[in-house]
Amino acid sequence: MAEITLIEAVTQALAYEMQADKDVVILGEDIGVNGGVFRATVGLLEKFGADRVLDTPLAESMIAGIAIGMAAQGLKPVAEIQFMGFTYPALDQIINHASRLRNRTRGRLTCPMVVRTPYGAGIHAPEHHSESTEAIYAHIPGLRVVIPSSPARAYGLLLAAIRDPDPVIFLEPSRLYRLVKQEVPDNGEALPLDQCFILREGSDITLVSWGAMLHETLQAAKTLAVQGVSAEVIDVATIKPLDIETILASVMKTGRCVIIHEAAKTGGVGAEIAAQISEKALLNLHAPVLRVTGYDTVVPYLKLEHYYLPNENRILNAVQQTLEFA
Amino acid sequence: MKIFYLPDLGEGLPDAEIREWYVKEGDDVKVDQPIVAMETAKAVVDVPAPRSGRIIKLQGKAGDVINTGAPLVEFADGEDTAAKSTVVGNLQVGDTVIQESATGIKPAAAVNTGVKAIPAVRALAKKLNVDLNQITPSGLNQQITVADVEQAAKHVNVAIASDEITGGEPLRGVRRAMAITMTQSHSEVVPVLLVDDADIHAWSAGMDVTARMVRAVIAACKAEPGLNTYYYGKTMTRQWQESVNIGLAMDAPEGLFVPVIKAADQQTPAQWREKINIFKEQVKTRTVPQDDLKGATIVLSNVGTFAGKYASPIIVPPTVAIIATGRIREAVVAHNSKPEIHRIIPLSLSFDHRAVTGGEAARFLAALIKDLQAAD
């Protein structure tokens, strides 16, 4: 079994499900002949034909609209938007139609579509290519927002997302696309949606993160271990609906929590998690829940990118503050 | 990088013509070394090697037109990144293989451990030095309240004022510090008092009493070092002290000062006297340096300046002993089976029985008296 990257795991999952289920179709800009801007769909046109691998015009709203129509009529479309910053033209279709098709038809129609898009900074890209605006989608009732953080979870969660009867926004951390490799058996086994994954067990503090930031978070946990601090690391994975129970169980054990995300701080998903912890575990808290996040500004270009992204030091500082509080 | 693709040599130029190769197949090149001259619609441009390595293939010969983005040269080694690259940005490529399980670690069932208290209560408890584990919670859902912590704090910290008292004045400064220290001692130390007299009949006139006391304490500490130690009740640890740092309790209108003669056992009587005189002056003017008020390993107090023979002096943790001298007086003593009138110094030794045995204390006091009774 080969060790593959996160982007290869995405391709593997798409190929598996297209083979297993003829209703699965993929569409997007340059995904066919070209193989996708990040090569996520390489080889799929040759394998499954132009009827199921559709190169579209440069029109994200149309891509989303076509996918909704396909989904409403029984297909399982997986739409690729080249970068998260390009999903905004599709928001009208996603919010006004995809998210509420089930509600609008009182359950008669569902919308089994997936919108795949790379997200996040750290790849030295120009404007609109480094967005981490997952909170926009997490705020919309009826949408599921899933973010893998490893090749194995990209594979298992994408399969689950395609099989799910409702719309899923599947955000792929582009910084992780080729950063690490992992053995991912191509066995078609999906991973559970709506569930956090505990990546490291600990007893002194809970570190909550998702996507590419887990890379720095796990690094910080290793450093803390050397300093004698035992950190539990949780990958939220599905940020909507939120598996708060796993997070609460951990925080009740540790009494301290730091949330790490690269999205801007204000109104981020970290705020939602912190609010729910204070609602449900206040009496177990030894210190305020802290957030280590990007700043409330447009993600800067490559020279300033590393100032924007939370790094291990910023995480360690927040942990220190939390430990010293009381 | 295995294949080097022709970059855009201008502002959106679609192609360029090979004017002249500077290298041939099989050549080793260094990064930035010019490998080919390309003629564009605007100019002739030298294209530098993007990396060092051996070139195994030149894609075209002089006069050929190469499209922007098409292969230009091929290196002997490296990976064909273009097939994996993107139109924008620069993906970091790593070879690290992660071992973590796809499903992570199975979450443990939620268990509610430890005390229940909001962070503000925990912070208050820390500030007031209160151990939350010792408190019986009175709040909703078994939670410890602010009132619980304040109630508990009254036992450990006199600084918490009682609500019922009206009028009066809160203690300040040295007097407040004294109150806190004494309360702490009272709640922690297990003191035992041992009293005796030293007969100083043998002394010549004009003897420096304080200096003799300092000398006697040092002698006693040598004989029985167990009283010149620190004891930490929480961890039940006894810490031996290398030098004898004698704290001298001095009375002042504002309260009690205890300046310290550091390493008194390594100084001469003249140095003690000089230090004592300085301290007296500094206490009067309240200018004792903070450093000189810290680090006593044993304390000496003279309660007899005005009145009082014996006392039960209070031990301040982490020290374990304090010696008080009473007013020197003449007393009738039995000497060689006859009554004689001798000068007597009454001595009171308090020791912390958690750390010091009665035997150690008695041997200490005996050594102190022996040194004190010597003629000089």
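View 1. At 22% relative accessibility, Phe86(A) is partly exposed, a class that lies between buried (under 20% relative accessible area) and exposed (over 50%), computed with a 1.4 Å probe and protein chains only. Phe83(A), by contrast, is buried at 2% relative accessibility. A search over all chains finds five aromatic pairs in the whole structure, and Phe83(A) and Phe86(A) form an edge-to-face pair, with 5.7 Å centre to centre and 75 degrees between the planes. Rings of Phe, Tyr and Trp (its six-membered ring) pair if their centres lie within 6.5 Å, and planes under 30 degrees apart count as stacked, over 60 as edge-to-face and the rest as tilted. Together with Phe38(A) and Tyr177(A), the residues Phe83(A) and Phe86(A) form one aromatic cluster.

The model is predicted, so that local features need pLDDT of at least 70 and side-chain atom pairs count only at pLDDT 80 or more, while totals for chains, interfaces and linings use all residues. Residues are numbered from 1 along each chain as its sequence is written, chains are lettered from A and ligands numbered from 1 in the order in which they are written, and side-chain values use heavy atoms, with hydrogens and water left out.

**View 2. The pair of Tyr295(A) and Tyr308(A).** Tyr308(A) is buried, with a relative accessible area of 5%, whereas Tyr295(A) is partly exposed, at 41%. Their rings form an edge-to-face aromatic pair, 6.3 Å centre to centre with 80 degrees between the planes. Tyr295(A) lies in the loop between β14 (290-294) and α11 (302-308) of chain A and Tyr308(A) in helix α11 of chain A, so the pair ties together parts that are 13 residues apart in sequence. Helices (H or I, at least four residues) and strands (E, at least two) are DSSP runs, numbered from the N terminus.

**View 3. Arginines over phenylalanine rings.** Arg153(A) lies over the face of Phe197(A), at 5.5 Å from the ring centre. In chain B, the charged end of Arg51(B) sits over the ring of Phe75(B), 4.4 Å from its centre. A charge sits over a ring if NZ of Lys or CZ of Arg is within 6 Å of the ring centre and within 35 degrees of the ring normal.

View 4. Thr237(B) in β12(B) is the bridge partner of Tyr232(B). The hairpin has four residues between the strands, and Met236(B) takes a positive phi near 55 degrees.

Conventions: Pairing = 2+ DSSP bridges.
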